[in-house]
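Colleague: I'm just getting started with protein structures. Could you walk me through this one, question by question?

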Amino acid sequence: MAEPLLEIRGLTKRFGALTATDRIDLDVRDGETHAIIGPNGAGKTTLIGQLAGDLRPDAGTIRFAGHDVTGLGAPARARSGLARSFQITSIFREFSALDNVALAVQAHAGHSFRFWRPARREVALRDPARAMLERVGLGGRADVLAANLAHGEQRQLEIAMALATRPRLLLLDEPVAGMGADESQRMIRFLADLKGRQTIVLVEHDMDAVFTLADRVSVLVYGRIIATGTPEAIRENAEVRRAYLGEDALV
Amino acid sequence: MASRARAIAIVLGLLALAAVPPIAAALNQPFYLDLFRRIMIFAIAAVSLDLILGYGGMVSFGHAAYLGVGAYAVGVLGYHGIHNGYLQWAVAIGASMLLALGIGAVSIRASGVYFIMITLAFTQMLYYLGISLAAYGGDDGMRLASRSQFPGLLDLRNATVFYYVVFAILVACLVLGHRIVNARFGMVIRAARSNEPRARAIGFSPYPYRLGAFVIAGAMGGVAGALLVNHTQYLTPEFMHWTRSGEIMFMVILGGMGTLAGPVLGAAVLLLLEDVLSAWTTHWQIILGPFLLLAVLFAKRGLFGLLPGGGRDG
């Protein structure tokens, strides 16, 4: 089989006595949607932080698209094709929706030591940004201040920013968290449409989203991956049931 | 349209500044020429601080350093008989850019209160260095033998000419600042101020851009310093005192951070109040203090922010 797009080996992160990430091995194949689930405190956020380059692991390696990126910071990883959304919506609130996405385009359009031409009039930044807003369904909201968008719209905007960088891998940290049922369904439909064309790592609590979207699921408990497999296999896995899904969640 | 009110206010303000020399001449009050020249020089310093403070989110509490280095470049060269303005001002700009590069390289890696303390500490070091330079008057400072000379082009001894030179430089700094903050470069430092983790996550490394902004602001501060020492015709380490940094910062906050025009308004209001109140009573600071407090409490976006559409740029 071809080399996986993302290859994690022996990844370990400790905070004092707590081992938040415990010798994790994980492969994400090119084109798949790989969900990472786990109960609260399982170390999902810590794992994402290390994947995105915000946290430095104590041991282990992360290879991305054939290169060792373990030592790279977040901006360099983003430029190499890893885009993310945050668990708590993270956007440029004082800028318009279009500005937000145009900034993401700009970050991948060479250096920004350009001092004279107004960036808001650069077609090379604005056109792709506008097209991306259309694609996520925010076309009519381009000139609205990001802070004034509804919560669900802000999450869509975040995804638009991530996609505007044309990533090899999209890292989504609880994309439907805090959303109403309607918004959440719309987001899941959007991601389902994206799936297959875009490699996605999805960290999510919402089992509906996970079992609808994921090709494979990895279960994280106490900093360790206790199982990886298809959604069906994970559902049947006795250890996963005991550790995580609980008796009530059996369907 | 809201931003139109803002543009009109800026044009009217600049026209008013341009009209000061003829009005002062008509009233036979040359003092006003002096006062508004001083206001514009501090406005240049405040605009340059706004680039890093308002747009870059870097609370530099040491902007007087660049004022001082610009002033010392002119004063020291003049002391050694070099009065050529081109050379003096080039050295003033170059030296303040280098200084900004040094201070910025160290301080930008720090954040929050550490950033403030580092920039303050560097400036205090320079202040004490100025005091220790006995050859150049030390604590007392020294008189400038001559203003910067631009043979064949300008004569700064002519108060009106000097006034319009300062005016032109202020306008140039405003135009340059406006272009910079709206160009790709400016969008990066503003994005990093707005949300640094997000800026990094889409692929921006803020550090080199912040450092670049620091150096540009340093250059403008150096120009302001060169103008200031020509204005006072007296070189003193007081230019670098930390209260001076505080004053410049206050002009920015009072006028409106992240607006460029706001700091000009802030400089004018602060220095005019100082002038009016100090003529009225020796205890003028008792009145100025509460006024400034009220202004900051009730005009959170600065005086310029009270205009429709006058709020800060994102």
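This is a predicted model: local features need pLDDT of at least 70, side-chain atom pairs count only at pLDDT 80 or more; totals for chains, interfaces and linings use all residues.

Colleague: Where in chain B is the place of Ile108(B)?

Modeller: Look for helix 5 (85–107) and helix 6 (112–132) of chain B. Ile108(B) sits in the loop between helix 5 and helix 6 of chain B.

Colleague: Does Ile108(B) count as buried or exposed?

Modeller: Count the C-beta neighbours inside 10 Å: Ile108(B) has 23 of them. A residue needs 20 or more to qualify as buried. Therefore Ile108(B) counts as buried.

Colleague: How many Å apart in space are Ile108(B) and Phe214(B), C-alpha to C-alpha?

Modeller: Along the sequence, Ile108(B) and Phe214(B) are 106 residues apart. Phe214(B) is also one of the residues that Ile108(B) touches. In space, going C-alpha to C-alpha, the two are apart by 9.1 Å.

**Two helices of chain B**

Colleague: How are helix 3 of chain B and helix 11 of chain B placed, roughly parallel or roughly perpendicular to each other?

Modeller: Helix 3 (residues 30–55) and helix 11 (residues 242–255) of chain B pack with their axes 9 Å apart, at an angle of about 75 degrees. Angles of 65 to 115 degrees go by one name. So helix 3 of chain B and helix 11 of chain B are roughly perpendicular.

Colleague: Which residues of helix 11 of chain B make the contact?

Modeller: Helix 3 of chain B brings Phe42(B), Ala45(B), Ala46(B), Leu49(B), Asp50(B), Leu53(B) and Gly54(B). The residues of this contact divide into nine nonpolar, one polar and one charged. From helix 11 of chain B come Ile248(B), Met249(B), Met251(B) and Val252(B).

**Where the chains meet**

Colleague: How many residues of chain B are in contact with chain A?

Modeller: On the chain A side, 28 residues take part. Helix 2 (74–79) and helix 3 (97–107) of chain A each supply at least two residues of that side. That side of chain A divides into 16 nonpolar, five polar and seven charged residues. The number from chain B is 22.

**The six-stranded sheet of chain A**

Colleague: Which strands are the edge strands of the six-stranded open sheet?

Modeller: The order of the strands in chain A is 6-7-8-3-9-10, with mixed pairing. An edge strand pairs on one side only. That gives strand 6 (82–85) and strand 10 of chain A.

Colleague: How many residues of strand 3 of chain A are buried?

Modeller: Thr33(A), Ala35(A) and Ile37(A) point one way from strand 3 of chain A, while His34(A) and Ile36(A) point the other way. In a regular strand, side chains alternate between the two faces of the sheet. Strand 3 of chain A is largely enclosed by the rest of the structure, because the buried residues number five of the five.

Colleague: Which residue stands opposite Ile36(A) in strand 9 of chain A?

Modeller: Strand 3 (residues 33–37) and strand 9 of chain A run parallel and are joined by four bridges. Ile37(A), for its part, has Val219(A) as its bridge partner in strand 9 of chain A. Opposite Ile36(A) stands Ser218(A).

Colleague: Which residue in the turn between strand 9 and strand 10 of chain A has a positive phi?

Modeller: Strand 9 and strand 10 (residues 224–229) of chain A pair in the antiparallel sense over five bridges. Val217(A), for example, has Gly229(A) as its bridge partner in strand 10 of chain A. The two strands form a hairpin with two residues between them, and the phi of about 45 degrees belongs to Tyr222(A).

**The other sheet, and confidence**

Colleague: What is the order of the four strands in the other open sheet of chain A?

Modeller: The pairing here is antiparallel. Strand 2 (18–28) and strand 5 (67–68) of chain A are the edge strands. Two bridges join strand 4 (residues 59–64) of chain A to strand 5 of chain A. The order is 2-1-4-5.

Colleague: Which element of chain A has the lowest mean pLDDT?

Modeller: Chain A averages a pLDDT of 93, and 96% of the residues score at least 70. Helix 3 of chain A has the highest mean among the elements, 98. The lowest, 77, belongs to helix 9 (residues 238–245) of chain A.

Note on methods. Residues are numbered from 1 along each chain as its sequence is written. Chains are lettered from A and ligands numbered from 1 in the order in which they are written. Two residues are in contact if their C-beta atoms, placed from the backbone, lie within 7 Å. Ala, Val, Leu, Ile, Met, Phe, Trp, Tyr, Cys and Pro count as nonpolar, Asp, Glu, Lys and Arg as charged, and the others, Gly among them, as polar. Axes are lines fitted to C-alpha atoms, for helices over the stretch in contact, and angles run from 0 to 180 degrees between N-to-C directions. Angles under 35 degrees count as roughly parallel, over 145 as roughly antiparallel, 65 to 115 as roughly perpendicular and the rest as oblique. Two strands pair if DSSP finds at least two bridges between them. pLDDT is the predictor's confidence in each residue, from 0 to 100. A residue is buried if 20 or more other C-beta atoms lie within 10 Å of its own, exposed if 12 or fewer, and partly exposed in between; C-beta atoms are placed from the backbone. Lists of a residue's contacts leave out its neighbours within four places in sequence.
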